[in-house]
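Dear colleague,

I am passing on the structure we spoke about, and I would be grateful if you could look through it with the notes below at hand.

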Amino acid sequence: MAQLDERQLDPAVALASLDATAPREPHRLFALKQGDCFAVADAYGDIRGAGDGFFRDDTRVLSEFRLTVGGRQTSLLGASLSQDNVLFTTNLTNLPIQSAGGRDIPQGAIHIERVRLLWQDRLFERITLSNYSREHSTINVSLHYSADFRDMFEVRGSTRLKRGLAHAAETDATSVLLRYDGLDGLARLSAISFSQAPDQLTANRADFLIAVTKRSRKVLYVEVGPEVADKPDRDRFRAAAARARFGMRAKRRHGATVRSSGRVFNDWVERARADVALLTTELATGPYPYAGIPWFSTAFGRDGVISALQMLWLNPGLARGVLAFLAQHQATETSPFSDSQPGKIMHETRKGEMVALRELPFGRYYGGVDTTPLYIYLACAYADRTGDMAFIDGLWPSLCAAAEWTEEAGRETGFVTYQRAAESGLANQGWKDSFDSVFHADGRIPKGPIALVEVQGYVFAAFRGLAKLARRRGEDDKADHWEDRAEAMRVAVERDFWLDDLGFYALAIDGAGEPCKAGRNSS
């Protein structure tokens with residue numbers, strides 16, 4: 001599990017958070033990820049329904065998941081996550097409440113521990129209540145839940161004119177089933193199962209009257225998955241935790257291990273390896289580092305390539321997995337909607353309802369001008385690091401197609417440029433891809449096609465690396481051609497991008513041939 005951000009609270013808000021009627025701001029948001037599922041919750045372990053939730057395949061299958069004790073919110077003692085990012089733990093205590101019999105229970109008498117993990121498309125949670133008072137207590141523990149089945153892009157702010165059918169909740173003794181039939185013909189389910197039958201179960205809340213004798217504890221297990229669990233219990237929770245930790249440990253052990261005499265450095269390396277392992281998903285083509293949690297927990301071309309390059313010295317297997325996946329998803333046709341052209345390498349892939357219906361182009365989207373030369377460069381770096389020419393030989397047709405696209409993209413101006421083919425695509429298609437990230441010194445937004453300076457550097461490195469690989473394969477004619485293309489790019493960048501009066505390179509060159517002189521002296 002990974003900490004996402006910290007938000008400072010002013011004293012008034014901090015005090016208000018003790019009032020059950022006041023809105024509570026979390027100190028932090030935490031994320032768990034496993035496969036194509038992730039969960040984002042606050043430090044209390046609560047999912048509150050803003051940007052947090054439990055997501056499966058780019059759909060929010062749990063939009064609320066809150067715990068109350070005695071009808072009130074709890075008080076936070078502390079939250080943490082395990083070193084391997086598998087287990088999230090929060091420690092809470094009760095505010096002043098009344099027992100089911102009407103007796104006053106002072107604040108701090110009941111300790112509540114919530115431990116959560118994800119495994120095989122399922123959220124597992126263990127809730128432990130410990131009574132530290134000298135009195136027997138029967139406590140009303142409630143879980144509040146809902147599933148809005150919003151597409152990832154809806155949660156991020158996209159609007160839709162029409163949605164599918166949300167069914168009424170189906171309940172039985174120990175579970176509740178929430179269902180949504182999407183416009184894409186897929187049924188999306190969220191089944192919440194409990195280790196004991198709630199004393200009251202509704203479509204959005206489960207109430208438990210839990211008797212906790214003095215100096216004792218009681219445990220409740222909950223699971224949320226695509227189908228009703230057999231019966232959540234201690235054994236199922238422990239088995240899932242053991243398998244999740246074993247799987248994470250195996251991912252962390254891929255590649256070489258670094259040790260030094262410095263404890264702080266060793267801790268930093270272990271933390272970094274754990275975070276990379278958390279983001280890495282085992283696909284049919286091999287391991288792939290997803291771009292980030294929450295909004296980018298999927299395969300991105302640029303991010304995957306750069307992560308693989310940074311890990312290449314330790315774990316070349318990550319680069320092999322990235323190359324295999326991107327080669328398998330290389331474009332073979334021209335489509336303005338997805339910004340694809342033959343030979344181009346994918347920018348992003350998604351699985352949600354909106355992309356399935358082509359409301360957005362990101363199901364398999366190619367609007368990244370830098371991904372294709374970076375893909376070539378990664379293959380060259382992988383060959384240098386490993387000498388695995390058998391894999392490169394299998395990849396060679398894909399690399400040649402990528403090189404052909406790169407040459408074609410720069411045929412008009414001599415530089416590889418971008419301009420989105422459809423209004424639904426990204427306006428800017430480099431690593432700075434917000435709509436206003438590329439601009440002139442006076443604030444004007446340049447018109448395309450746009451040539452970014454760093455992309456030409458990637459192209460130079462890609463052609464130079466390909467020439468070296470071609471010579472190793474005995475294809476001297478191709479090697480000579482790509483060496484010429486690399487040198488021509490180097491000369492053109494020095495000629496057209498360097499701003500002698502300002503002493504730095506232009507950010508970009510726009511469609512009119514005017515350099516974007518945004519830089520340290522642009523004011």
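What follows is a description of the overall architecture, then of the cores, and finally of some backbone details.

Please keep in mind throughout that this is a predicted model. The protein has 523 residues, of which 51% count as buried, and its secondary structure consists of eleven helices and 29 strands. The C-alpha trace spans about 85 × 50 × 45 Å along the principal axes. Among the contacts with a sequence separation of 6 or more, 61% are made by residues 24 or more positions apart. The protein exposes about 23,300 Å², and 50% of that area is supplied by carbon and sulfur atoms. As for charge, there are 65 positive and 68 negative charges, and their mean positions lie 7 Å apart.

The interior deserves a longer look. In soluble globular proteins, nonpolar side chains tend to be buried together. Here the largest nonpolar core holds 66 residues, and the members that touch the most others are Leu 326, Tyr 375, Ile 376, Ile 392, Trp 396, Leu 399 and Trp 482. At least two residues of this core come from each of the helices α5 (301-311), α6 (316-328), α8 (371-386), α9 (389-409), α10 (453-472) and α11 (476-496), and likewise from each of the strands β25 (451-452) and β28 (508-509). Helix α9 gives the largest share of this core, with ten residues.

Two residues illustrate the packing in this part of the protein. Once neighbours within four places in sequence are set aside, Trp 482 is in contact with Trp 396, Cys 400, Ala 403, Glu 407, Phe 463, Leu 466, Ala 467 and Ala 470. Leu 378, which sits in helix α8, counts as buried because its relative accessibility is 0%, where the cut-off is under 20%. Not counting residues up to four places away in sequence, Leu 378 touches Val 305, Ala 308, Leu 309, Ala 319, Val 322 and Leu 323. The C-alpha atoms of Leu 378 and Ile 306 are 8.3 Å apart, although these residues are separated by 72 positions in the sequence.

Tyr 145 belongs to strand β13 (residues 137-146) and is buried, with a relative accessible area of 0%. Its contacts, again not counting residues up to four places away in sequence, are with Leu 62, Glu 64, Phe 65, Val 176, Ile 192, Phe 194, Leu 201, Thr 202, Ala 203, Asn 204, Arg 205 and Ala 206.

On the cysteines, a search of the whole structure finds zero disulfides. Cys 37 is buried at a relative accessible area of 1%, and Cys 516 is also counted as buried, at 0%.

Some points of the backbone may be worth checking by eye. Most residues other than glycine have a negative phi, and most peptide bonds are trans. The bond from Ile 293 to Pro 294, however, is cis, with omega near 10°, and Pro 294 is found in the loop between β22 (286-289) and α5. Gly 448 and Pro 449 are likewise joined by a cis peptide bond, with omega about -5°, and in this case the proline lies in the loop between α9 and β25.

Positive phi values occur at two aspartates. Asp 57, in the loop between β4 (53-56) and β5 (59-62), has a phi of about 50°, while Asp 339, in the loop between α6 and β23 (348-349), has a phi near 55°. Which of the classes, buried, partly exposed or exposed, does each fall into? Asp 57 is partly exposed, because its relative accessible area of 32% lies between the cut-offs of 20% and 50%, whereas Asp 339 is buried, because its value of 7% is under 20%.

With best wishes

Terms used. Residues are numbered from 1 along each chain as its sequence is written. This is a predicted model: local features need pLDDT of at least 70, side-chain atom pairs count only at pLDDT 80 or more; totals for chains, interfaces and linings use all residues. Side-chain values use heavy atoms; hydrogens and water are left out. A disulfide is a pair of cysteine sulfur atoms within 2.5 Å. Buried means under 20% relative accessible area, exposed over 50%, partly exposed in between (1.4 Å probe, protein chains only). Helices (H or I, at least four residues) and strands (E, at least two) are DSSP runs, numbered from the N terminus. Contact means heavy atoms within 4.5 Å. Accessible areas come from the Shrake-Rupley method with a 1.4 Å probe; for residues, only the protein chains shown count as cover. Lys and Arg count as positive and Asp and Glu as negative; His and the chain ends are not counted. The place of a charge is taken as NZ of Lys, CZ of Arg, CG of Asp or CD of Glu. A nonpolar core is a set of buried Ala, Val, Leu, Ile, Met, Phe, Trp, Tyr and Cys residues joined through side-chain atoms within 4.5 Å.
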